[in-house]
Structure formats: structure tokens, C-alpha cells
Amino acid sequence: MDLIITLIINNWHIILLFFIVAILYSSVGFGGGSSYLAILALTSLAFTQIRATALLCNIVVVSGNVFIYYQKEELNIPKILPLVLLSIPFAYLGGYLKISENFFFILLGLTLIFASITMYISKKIITSTKSVKQNNSAKNGAIGGLIGFISGMVGIGGGIFLAPILHFINWDSPKKIAATASVFIFANSIAGFIGQTSNPDFQIDWNLTSILLIIVFIGGQIGSRISNNFFTPIQLKKATAVLIAFVGLKILYDFIF
């Protein structure tokens with residue numbers, strides 16, 4: 001008990017930031033893995049532990065999202081399945097690969113900025129009154145596999161890559177895309193984490209991680225309900241773009257300059 005109290009006191013700022021990130025990201029259907037990575041990068045934790053902790057927090061946050069979206073019938077399982085099935089083995093492979101810390105953060109930062117710009121400037125805002133693209137299983141599988149590999153390699157769930165692409169191609173309504181991103185993140189985070197545990201260099205501090213998992217679960221539940229009650233489709237899209245851009249710029253600033 002004394003150890004837990006000491007960890008909370010020494011890491012209160014990290015715990016608070018994780019709570020805020022979980023609320024913000026779950027409100028737009030994401031897990032927050034990229035921001036968890038950015039926060040943990042400022043600590044003395046080992047690089048391998050940082051990626052594993054972020055993925056576990058992803059799993060906790062989006063599991064609540066998936067449940068809520070399922071209750072509200074926002075999940076189109078037949079349409080989602082091709083995206084997820086091919087992404088899982090590639091996310092595992094990406095998680096198993098060993099990359100340098102600098103390469104990881106620079107790649108992540110550049111990708112986040114690209115994704116945010118793509119989402120923010122796209123002119124087509126999908127609403128329930130507009131037609132969406134017909135389901136293309138082959139295309140969905142290819143998209144899922146590519147994003148799964150990149151996501152597993154950098155240690156995130158992949159929603160930040162998937163959502164901009166789905167918005168850009170008019171894949172479905174914004175809320176259904178947010179629901180799909182939650183399922184995608186959940187599956188890829190599990191696969192990526194298993195891939196990391198298969199690596200001989202894997203390590204994690206379960207005491208601190210357990211505290212963070214509890215706090216992001218609470219934040220994720222709050223964020224999911226805020227999204228479904230207060231955000232419009234346009235706000236969902238714009239909020240997602242702003243969050244992604246902020247994280248990308250912060251990472252590049254820390255690891256290039």
C-alpha cells in the first residue's frame with residue numbers, strides 16, 4: 001500500500017495527464033496511445049516499457065468505447081471485419097520488430113502531422129444524409145494490413161492513421177468511423193502488445209502501469225459519454241485533427257530540435 005501511495009505522489013502529473021488524454025481521445029473514438037507515448041517519453045522509463053504501457057492503456061480506453069458503440073448500434077461488423085482481420089498479424093509483426101527510439105518518435109511525429117492535415121482540410125464532411133462508399137473488402141484489407149504494421153511498429157492502435165483515410169474516402173458517417181476506429185485500435189493494440197511481449201527486450205513496471213490503467217479507464221468512460229451526447233459530426237472531425245496535430249508537433253520538437 002505504501003508503494004502505491006508513493007508512486008501516486010511521485011507520478012501525480014503523469015496520472016493527471018493520462019486522465020485528460022483518455023477523456024479527450026475517447027471522445028473522438030481514439031485510445032490516446034500517441035499522447036501516452038509522448039508523456040512517457042519525458043520520464044525515465046525504458047523505451048520498451050513506454051510502448052507496452054501505451055498499448056495497454058489503449059486497450060482499456062477503447063474497450064469501453066467499443067461497448068458503448070455496440071449498445072448504440074454504431075458498429076457495422078461485416079464492414080469492419082476486413083479492416084481488422086489482416087491488420088492483426090501485421091500489428092503483431094510490427095510490435096515484434098526492434099527499432100531505435102529516435103526513429104520511432106520522428107516517424108510517429110511526421111505521420112501524425114500528415115494525418116491531421118489530411119483530416120482537417122478535406123472538404124467532404126460525411127453526414128447521415130449523404131451517401132457513403134460501397135464496401136470493398138480487398139481495399140479494406142489492404143488498408144488495415146498496412147496501418148496495422150505501422151501501428152505495431154510504433155506502439156499505437158492505429159486509429160490516428162485509419163480515421164483520416166476513412167473520412168477522406170467517405171467510408172461511412174463520422175460516428176461510425178469513430179466506432180470502427182475503436183474496434184481497430186482495440187484489436188491492433190492487443191496484437192501489438194503480444195508482439196512486444198514476444199521480444200526478448202520486453203519489460204514493464206506493473207505497479208505504475210496498473211495505476212495508469214485504472215485512471216484511463218475512468219477517463220475513457222467519461223470521454224465516450226461526452227462524445228455521444230454533445231459532439232456533432234463536424235466537431236468530431238475537427239477535434240480529432242487538432243489533437244493529432246498537437247501531439248505530432250510536440251514529438252518532433254522534442255526529438256529533432
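1. **Ground rules.** Numbering starts from 1 along each chain as its sequence is written, and side-chain values use heavy atoms, with hydrogens and water left out. Because this is a predicted model, local features need pLDDT of at least 70 and side-chain atom pairs count only at pLDDT 80 or more, while totals for chains, interfaces and linings use all residues.

2. **Overall make-up.** The chain has 11 helices and 0 strands. Along the sequence the pattern reads α-α-α-α-α-α-α-α-α-α-α. Helices (H or I, at least four residues) and strands (E, at least two) are DSSP runs, numbered from the N terminus. Of the 257 residues, 55% count as buried. Buried means under 20% relative accessible area, exposed over 50%, and partly exposed in between, with a 1.4 Å probe and protein chains only.

3. **Contacts along the sequence.** Take the contacts in the chain with a separation of 6 or more: residues 24 or more positions apart account for 86% of them. Contact means heavy atoms within 4.5 Å.

4. **Record annotation.** An unreviewed UniProt entry lists "transmembrane region" for residues 12–30, 36–68, 80–97, 103–121, 142–165, 177–194, 206–227 and 239–256. UniProt positions are given in the numbering used here, feature names are shortened, and annotations may be inferred rather than shown by experiment. Two of these stretches can be set against the model. Residues 80–97 are 94% helix and 0% strand, with end C-alpha atoms 26 Å apart. Residues 177–194 are 100% helix and 0% strand, and their end C-alpha atoms are 26 Å apart.

5. **How packing is described.** Two packed helices are described by the angle between their axes and the distance between the axes. Axes are lines fitted to C-alpha atoms, for helices over the stretch in contact, and angles run from 0 to 180 degrees between N-to-C directions. Angles under 35 degrees count as roughly parallel, over 145 as roughly antiparallel, 65 to 115 as roughly perpendicular and the rest as oblique.

6. **H1 with H2.** Helix H1 covers residues 2–10, and its axis comes within 4 Å of the H2 axis, crossing at roughly 75°. That makes H1 roughly perpendicular to H2. Ile8, Ile9 and Asn10 of H1 meet Trp12, His13 and Ile15 of H2. By class, the contact of H1 with H2 has 4 nonpolar, 2 polar and no charged residues. Ala, Val, Leu, Ile, Met, Phe, Trp, Tyr, Cys and Pro count as nonpolar, Asp, Glu, Lys and Arg as charged, and the others, Gly among them, as polar.

7. **H2 with H3.** Helix H2 (residues 12–26) packs on helix H3 (residues 33–40) at about 165°, with axes 9 Å apart. H2 and H3 are therefore roughly antiparallel. The crossing is right-handed. A crossing is right-handed if the near helix is turned clockwise from the far one by less than a right angle, and left-handed if anticlockwise. H2 brings Ile14, Leu17, Phe18, Val21, Ala22 and Tyr25, and H3 brings Ser34, Ser35, Tyr36, Ile39 and Leu40. These residues divide into 9 nonpolar, 2 polar and no charged.

8. **H8 with H9.** The axes of H8 (residues 159–168) and H9 (residues 174–197) come within 9 Å and cross at roughly 150°. H8 and H9 are therefore roughly antiparallel. Their crossing is right-handed. Gly159, Leu162, Ala163, Leu166 and His167 of H8 contact Pro174, Ile177, Thr180, Ala181, Phe184 and Ile185 of H9. The classes here are 8 nonpolar, 3 polar and no charged.

9. Ala38 is in helix H3 and is buried, at 15% relative accessibility. Ala38 and Ile251 are 213 residues apart in sequence but 6.4 Å apart in space, C-alpha to C-alpha. Lys250 lies in helix H11 (residues 233–256). At 31% relative accessibility, Lys250 is partly exposed. Lys250 and Ser35 are 215 residues apart in sequence and 9.5 Å apart C-alpha to C-alpha.

10. **Positive phi in two loops.** Most residues other than glycine have a negative phi. Glu73 has a positive phi of about 60°. Glu73 sits in the loop between H4 (47–71) and H5 (77–96), and is exposed at 68% relative accessibility. Asn170 has a positive phi near 55°. Asn170 is in the loop between H8 and H9, and is buried, with a relative accessible area of 14%.
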